[in-house]
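Biologist: I am new to this structure. Please show me how to read it, feature by feature.

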Amino acid sequence: MTQRQPAAPMPDSIRHTLRAVQHPARAVACPHCGAHEHQPCRTRTGRRIPALPHPSRIAAWVRITACCPACQVEPGIECHEQGRALRDGGVHPRREIEARETAA
């Protein structure tokens, strides 16, 4: 009986090209539904896959990716307004635009 050879690992350049059609926020885990990196978000029941990632996943990706021009914080730090973090881990719209430009 012949043994099957393991598949060769996919080069990063090809992997990046194949994932280019996906939303860049799929690079982080979803805090809302618990989807792993590079996996689609699902509803709580797990039956449906929404067209876009959950807003909390997008906010987590934006927080990791871009600096905020509105409140001048570095990547990885939550946006704030008058010294208080934005509600529910939100980010400023200008920071989301910055992240999308960075990803493009």
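Modeller: Start with the secondary structure: three helices and two strands. Helices (H or I, at least four residues) and strands (E, at least two) are DSSP runs, numbered from the N terminus. Along the sequence the pattern reads α-α-β-β-α. This is a predicted model: local features need pLDDT of at least 70, side-chain atom pairs count only at pLDDT 80 or more, and totals for chains, interfaces and linings use all residues. Residues are numbered from 1 along each chain as its sequence is written, and side-chain values use heavy atoms, with hydrogens and water left out.

Biologist: How do I read the overall shape? What radius of gyration does the protein have?

Modeller: The radius of gyration is taken over C-alpha atoms, and the globule rule is 2.2 Å times the number of residues to the power 0.38. A compact globule of 104 residues would come near 13 Å, but this protein has 17 Å. The C-alpha trace spans about 70 × 35 × 20 Å along its principal axes.

Biologist: Next, burial. What percentage of the residues count as buried?

Modeller: Buried means under 20% relative accessible area, exposed over 50%, and partly exposed in between (1.4 Å probe, protein chains only). Of the 104 residues, 25% count as buried. Helix H2 (residues 55-65) holds some of them: Arg57, Ile58, Ala59, Ala60, Trp61, Val62 and Arg63 are buried.

Biologist: Which helix do the buried residues of H2 pack against?

Modeller: They pack against helix H3 (93-103). For contacts, the rule is heavy atoms within 4.5 Å. Across the protein, take contacts between residues at least 6 apart in sequence: 39% of them join residues at least 24 apart.

Biologist: Let us take one residue. Is histidine 23 buried or exposed?

Modeller: Histidine 23 counts as buried because its relative accessible area is 19%. Its place is in the loop between helix H1 (12-19) and H2. Leave aside neighbours within four places in sequence, and histidine 23 is in contact with Leu52, Pro53, Ile58 and Arg100. Of these, Ile58 is one of the buried residues of H2.

Biologist: Which backbone atom lies 3.0 Å from a polar atom of the histidine 23 side chain?

Modeller: The backbone nitrogen of alanine 25. A polar contact is a pair of N or O atoms within 3.5 Å; within protein, one must be able to donate a hydrogen and the other to accept it, and residues adjacent in sequence count only if both atoms are side-chain atoms.

Biologist: Now salt bridges. What is the general idea?

Modeller: Side chains of opposite charge can pair when their charged atoms come close. The rule asks for a side-chain nitrogen of Lys or Arg within 4 Å of a carboxyl oxygen of Asp or Glu. By this rule the count here is two.

Biologist: Which residues form them?

Modeller: One joins aspartate 88 and arginine 87, with the closest N and O atoms 3.7 Å apart. Aspartate 88 and arginine 87 are exposed. The other joins the side chains of glutamate 96 and arginine 100, at 2.9 Å, N to O. Glutamate 96 and arginine 100 both lie in helix H3, four residues apart, about one turn of the helix. Glutamate 96 is partly exposed because its relative accessible area is 25%. Arginine 100 is partly exposed too, at 39%.

Biologist: Which residues make a nonpolar surface patch?

Modeller: Patches are made of residues with over 30% relative accessible area and no salt bridge: like charges are joined within 9 Å, nonpolar side chains (Val, Leu, Ile, Met, Phe, Trp, Tyr) within 5 Å. Here Met10, Ile14 and Leu18 make a nonpolar patch of about 270 Å². Leucine 18 is found in helix H1 and is exposed, with a relative accessible area of 54%.

Biologist: Last, the strands. Where is glutamate 81, and what does it touch?

Modeller: Glutamate 81 is in strand E1 (residues 80-81). Not counting residues up to four places away in sequence, glutamate 81 touches Leu86 and His92. The C-alpha atoms of glutamate 81 and histidine 92 are separated by 9.4 Å, and the two residues are eleven apart along the chain. Glutamate 81 is partly exposed, at 47% relative accessible area.

Methods. Areas by Shrake-Rupley, 256 points an atom, 1.4 Å probe, with all protein chains shown as cover.
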